[in-house]
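The report below describes selected residues and helix contacts in the structure shown here. Please keep the sequence and the model in view while reading.

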Amino acid sequence: MSEAAKGILAVITTDRNKVTGAVPIFIADSEEEKEKVARYLASTLDAMVHDLENGVYYIVKH
Amino acid sequence: MSRLEPYLFNIIAGSLAGIITRIFLMRLDYRQYPGYPHGLISHLSLGAIAAALGAVAVPALMNKDFTAFTFLALAAQQFREIRNIERETLQNLEEMRLEKRGKDYIEGIARTFEARNYLVMATSFITSAVALAGVWQALAAAVVLLLASVRFMAGEVVGDICEVAPAKIHFKDTLLFVGDINIMTVGLRESREKILHDALGVMIKPLNDNSRATLHDMGQRMAISHTAAVIMGSKNEVDMPEFTPLVRKNIDTGAVALYIVPMEKDIEALLAAVRRTPLLESARLKPLKTQAGRIASD
């Protein structure tokens, strides 16, 4: 919907082997922590949390 | 002044008819445009000027004063300016809106405001001309023109060309669906629960290929979500983009689905809001009017 380019702002995961690259990666110890970190990051970044359904959450600004 | 005196009645009759037309058209404005008091005054005054210009054109013509008539061209220039002013104002306000109106909608409103002044000018010109024949004739002409303007400018709404029905909100894992249409993915469990609890879904099915083309237009879809959000309220917030109302298309059927998390969870009111969303001129495509479109439709 927005005209600004979309980009991944951050990645939150419990499995550090699933993600690599030039994105801020937050490692969580549990599912609860992952949800919480994702929620906090998304709300401060005014962005949205998406789930890749392989244990990786990522945050995108739309 | 003495040259104008025999035409005093024409001028008054024409101007009055024009101003009344503008006031009537103003009432229709409220549906799609907030009537700020200052906006109201500026549009009424411009309408009055348009009416006066249209009305004095008749005596000018009768006196064979053709230079005066060319002033109408100048007026047209002024009204084009109105369109620019409206567009700029709306675009500036747009930046701070969570649910955007969209460029197409803004352009449509701006164009409407310009066109209304031409309509006023035409009404007062014709009334003023007919007033040469007499008072009753002028009155009749004014009433007919007024009704024609109101009808002509009312425009069509989404409900005229589409079937609007409630649709179920559900999730497949993290994918949010309205009916069979995928809207987006929602990562947070908490948000998914809230959406299941509070959100409403509407399915908008095109009645024919013309309406399908209209729904394909992103501007028209933005107008739908904007109208729904304005009328129903929205739980959307700067840091909660998952509650943004969205309209997405079923790529196979051309039907579109509206997803919204409204403040008032009332599906009947939402259906009415969607049905009464104005159709944008720019989105009104008519492929069925072309030969290729007719062949493709079966």
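B:T253 belongs to the loop between β6 (246-249) and β7 of chain B. Helices (H or I, at least four residues) and strands (E, at least two) are DSSP runs, numbered from the N terminus.

Leaving aside neighbours within four places in sequence, B:T253 is in contact (heavy atoms within 4.5 Å) with B:P206 and B:R212. The C-alpha atoms of B:T253 and B:K205 are separated by 8.5 Å, although the two residues lie 48 residues apart along the chain.

## Conventions

The model is predicted, and local features need pLDDT of at least 70, side-chain atom pairs count only at pLDDT 80 or more, while totals for chains, interfaces and linings use all residues. Residues are numbered from 1 along each chain as its sequence is written, chains are lettered from A and ligands numbered from 1 in the order in which they are written, and side-chain values use heavy atoms, with hydrogens and water left out.

## Chain B as a whole

Chain B has 11 helices and 7 strands, and its C-alpha trace spans about 80 × 45 × 30 Å along the principal axes. Of its 298 residues, 47% count as buried. Among the contacts in chain B with a separation of 6 or more, 75% come from residues 24 or more positions apart.

## Helices α3 and α4 of chain B

Helix α3 (residues 66-94) and helix α4 (residues 103-130) of chain B pack at an angle of about 155°, their axes 8 Å apart. Axes are lines fitted to C-alpha atoms, for helices over the stretch in contact, and angles run from 0 to 180 degrees between N-to-C directions. The two helices α3(B) and α4(B) are therefore roughly antiparallel, a term for angles over 145 degrees. By class, their contact has 14 nonpolar, 2 polar and 8 charged residues. Here Ala, Val, Leu, Ile, Met, Phe, Trp, Tyr, Cys and Pro count as nonpolar, Asp, Glu, Lys and Arg as charged, and the others, Gly among them, as polar.

## Helix α10 of chain B and its surroundings

Which residues of helix α10 (residues 267-275) of chain B are buried? They are B:L270, B:L271, B:A273 and B:V274. Seen down the axis of α10(B), these residues fall within an arc of 160°, so they line one face of the helix; the arc is that of the directions from the helix axis to the C-beta atoms. Their cover includes α6 (158-161), β1 (162-167), β5 (200-206), α9 (218-232) and β7 (256-260) of chain B.

The axes of α9(B) and α10(B) come within 9 Å and cross at roughly 140°. The contact involves B:I224, B:T227, B:A228, B:I231 and B:M232 of α9(B), together with B:A269, B:L270, B:A273 and B:V274 of α10(B). By class, this contact has 8 nonpolar, 1 polar and no charged residues.

## Two strand residues

B:T185 is found in strand β4 (residues 181-185) of chain B. Not counting residues up to four places away in sequence, B:T185 touches A:M48, A:V49, A:H50, A:D51, B:T174 and B:L175.

A:Y58 lies in strand β4 (residues 56-60) of chain A and counts as buried at 19% relative accessibility. The C-alpha atoms of A:Y58 and A:V11, 47 residues apart along the chain, are separated by 4.3 Å.

Note on methods. Parallel < 35°, antiparallel > 145°, perpendicular 65-115°, else oblique. Buried < 20%, exposed > 50% of the residue type's maximum accessible area, 1.4 Å probe, protein only.
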